[in-house]
Amino acid sequence: MEPMTTARTQAPRWLSDEEQRTWQAYLHATTLLEDHLDRQLQRDAGMPHIYYGLLVQLSEAPRRRLRMTELAMNAKITRSRLSHAIARLEKNGWVRREDCPSDKRGQLACLTDEGYEVLTRTAPGHVSAVRQALFDRLSPEQQKSLGEIMRIVAEGLQPKEAGADLPWLR
């Protein structure tokens with residue numbers, strides 16, 4: 001009987017030279033893009049990119065509120081990181097927590113009027129930064145390809161089965 005082969009016992013499938021160049025280009029671009037957007041949002045609104053994304057999620061939700069678990073899932077972050085971020089946004093007066101009426105253990109994050117105003121003031125500069133850093137550099141065909149590629153990668157990293165190790169479940 002042959003021994004069972006696992007990912008640990010198989011020889012590594014090293015990246016080809018072209019795959020390595022692609023991987024390094026991806027790492028460099030995403031690191032620089034996130035830094036660019038963080039600096040713009042810190043300068044214009046005194047918040048990091050992740051906080052801006054949370055405010056956007058809340059602004060698009062019915063009655064500008066979401067369950068904390070849903071917000072963590074949408075933001076692709078751990079519940080602990082979300083709790084810390086919401087605490088900072090509460091301190092700024094941009095978000096408040098409310099008890100969930102349908103679940104005694106649940107909480108809602110609610111975007112305040114002040115938070116909505118900050119988002120409204122900040123959005124034009126942020127959209128401009130995103131457009132300048134990403135979309136203005138790509139043709140329409142490249143934009144479409146990038147979107148398709150990112151959806152494929154994201155879908156592959158979000159298994160649907162119970163017990164999946166995803167950030168918002170930690």
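This is a predicted model: local features need pLDDT of at least 70, side-chain atom pairs count only at pLDDT 80 or more; totals for chains, interfaces and linings use all residues.
Student: Which residues does the UniProt domain annotation cover?

Tutor: The unreviewed UniProt entry carries the annotation "domain: HTH marR-type", which covers residues 19-155. Over that range the chain is 71% helix and 9% strand, and the C-alpha atoms at its ends are 20 Å apart.

Student: At what angle do helix α1 and helix α5 pack?

Tutor: An angle over 145 degrees counts as roughly antiparallel. Here α1 (residues 17-45) and α5 (residues 113-133) pack at about 150 degrees, and their axes are 10 Å apart. The angle therefore makes α1 roughly antiparallel to α5.

Student: Which residues make the contact of α1 with α5?

Tutor: From α1 come Leu33, His36, Leu37, Gln40, Leu41, Asp44 and Ala45. The α5 side supplies Val118, Thr122, Gly125, His126, Ala129, Val130, Gln132 and Ala133. By class, the contact of α1 with α5 has eight nonpolar, six polar and one charged residues.

Student: Is the crossing of α1 and α5 left-handed or right-handed?

Tutor: The crossing in which α1 passes α5 is right-handed. By contrast, α2 passes α5 in a left-handed crossing.

Student: How does helix α2 pack with α5, and what residues make the contact?

Tutor: Helix α2 (residues 49-60) packs with α5 at an angle of about 115 degrees, with the two axes 11 Å apart. His49, Tyr52, Leu55, Val56 and Ser59 of α2 meet Tyr116, Leu119, Thr122, Ala123 and His126 of α5. The contact of α2 with α5 divides into six nonpolar, four polar and no charged residues.

How values were computed: Residues are numbered from 1 along each chain as its sequence is written. Side-chain values use heavy atoms; hydrogens and water are left out. Axes are lines fitted to C-alpha atoms, for helices over the stretch in contact, and angles run from 0 to 180 degrees between N-to-C directions. Helices (H or I, at least four residues) and strands (E, at least two) are DSSP runs, numbered from the N terminus. Angles under 35 degrees count as roughly parallel, over 145 as roughly antiparallel, 65 to 115 as roughly perpendicular and the rest as oblique. A crossing is left-handed if the near helix is turned anticlockwise from the far one by less than a right angle, and right-handed if clockwise. Contact means heavy atoms within 4.5 Å. Ala, Val, Leu, Ile, Met, Phe, Trp, Tyr, Cys and Pro count as nonpolar, Asp, Glu, Lys and Arg as charged, and the others, Gly among them, as polar. UniProt positions are given in the numbering used here, feature names are shortened, and annotations may be inferred rather than shown by experiment.
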